[in-house]
Amino acid sequence: MTSTMTKARTMGVALAAVVLCVALALLTGCAGPKADGDAKGGASAGKLIVGFDQSYPPYGFVGDDGSYTGFDLDLAKEVAKRNGWEFEASPIDWDSKDAMLNSGTINCIWNGFTMEGREGKYAFSKPYMMNAQVVVVKDGSPVTKLDDLAGTSVLTQADSAAEDVLKKPASEGGKADLTSTFGKLETIGDYNNAFLQLESGAVDAVACDLSIAQYNMAKKPGAYRIIDQYLMSENYAVGFALGNTEMADKVSATLKEMYEDGTAKKICEKYAEYGLSFENWKLK
């Protein structure tokens, strides 16, 4: 009997502890999801975790010393420093960027990130760089205008702005009608390999950001040519999870300060050899 009573008393204490824990969780929220600002890496978290494609020069890539570098990462480091945030560069699988952002694994996407076509999906900073979607061919290719792409093989990065505009109907500002004339449109994981395929002749053209085209042309002068007609003009911005306008606004304000004091220009000039131009800076 004594053993039975002891067990009952022990179970009662344990049950009471559970009830108390649940009650405290409901009152304080300590056991539930954090507020958006914390769970999704908001400003209150005090950390800027930048999700970027490490194969996307000059915006984000692996330097000769094996460390992560790039135009956007340099901007992000300076923004974090000025706001007293800890900075972390987090290379991501581009296809998984939304899942990582919404889970809080990263708290922003800062990597030549096109805002057009993504409105309503992210809390964006103000656009800071002008960009365009273009088609690149090998120098000497008979393709000189978009209509010449009929019957050709075109390659682009999966889940990229270029893929989006090529698949979007004309009624939504896209080029699906043009794409329907291609021999085939294929996607690949990153643009470095896309340009290797173009160089080898495995594909006839690569659709990509203007900045990526300029980088590859600067890297191998005389190897490639941009078709004069753009697929679409657009802007780069920093993307945060919906609701995280606090951090987006702080980033916008800091980037403007960096333009005004000349820091943005210096960082642009650092990557001029990669084809990046300060003339494309927008946030003033």
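**Helix packing and strand pairing in the predicted model**

Helices α3 and α10 are roughly antiparallel to each other, because the angle between them, about 155°, lies over the 145 degrees that sets the limit for this class. The structure described here is a predicted model, and within it α3 comprises residues 71-83, whereas α10 comprises residues 263-270. The axes of the two helices are 9 Å apart, and the crossing of α3 with α10 is right-handed. On the α3 side, the contact is made by F71, D74, L75, E78 and R82, which meet T263, I267, C268 and K270 of α10. When these residues are sorted by class, the contact of α3 with α10 contains four nonpolar, one polar and four charged residues.

The segment that follows α10 contains N280. This residue has a relative accessibility of 14% and therefore counts as buried, given that the limit for burial is set at under 20%. With residues up to four places away in sequence left out of the count, N280 touches Y128, M129, M130 and Q214.

Turning to the strands, β1 spans residues 47-52 and is mostly covered, with five of its six residues buried. Strand β1 pairs with β5, which is formed by residues 86-91, in the parallel sense, and six bridges join these two strands. Within this pairing, G51 is located opposite S90 of β5. Strand β1 also pairs in the parallel sense with β6, a strand made up of residues 108-109, in this case over two bridges. Here V50 is the residue that stands opposite C108 of β6. In general, the strands of a sheet pair through backbone hydrogen bonds, and the pairing may be either parallel or antiparallel.

Antiparallel pairing is found in an open sheet of three strands, which are arranged in the order β2-β3-β4. The edges of this sheet are formed by β2 (55-56) and β4 (68-69), each of which pairs on one side only. Strand β3, which covers residues 60-62, runs antiparallel to β4 and is joined to it by two bridges. In this pairing, the bridge partner of F61 is T69, a residue of β4.

Taken together, the features described for this predicted model include the roughly antiparallel packing of α3 and α10, the buried residue N280 in the segment after α10, the parallel pairing of β1 with β5 and with β6, and the open antiparallel sheet of β2, β3 and β4.

Definitions and conventions
Residues numbered from 1 in each chain as written. Predicted model: local features only at pLDDT ≥ 70, side-chain atom pairs only at ≥ 80, totals over all residues. Heavy atoms only, no water. Buried < 20%, exposed > 50% of the residue type's maximum accessible area, 1.4 Å probe, protein only. Helix = DSSP H or I, 4+ residues; strand = E, 2+ residues; numbered from the N terminus. Pairing = 2+ DSSP bridges. Axes fitted to C-alpha atoms, helices over the stretch in contact; angles between N-to-C directions. Parallel < 35°, antiparallel > 145°, perpendicular 65-115°, else oblique. Left-handed = near helix turned anticlockwise from the far one by under 90°. Contact = heavy atoms within 4.5 Å. Nonpolar A, V, L, I, M, F, W, Y, C, P; charged D, E, K, R; others polar.
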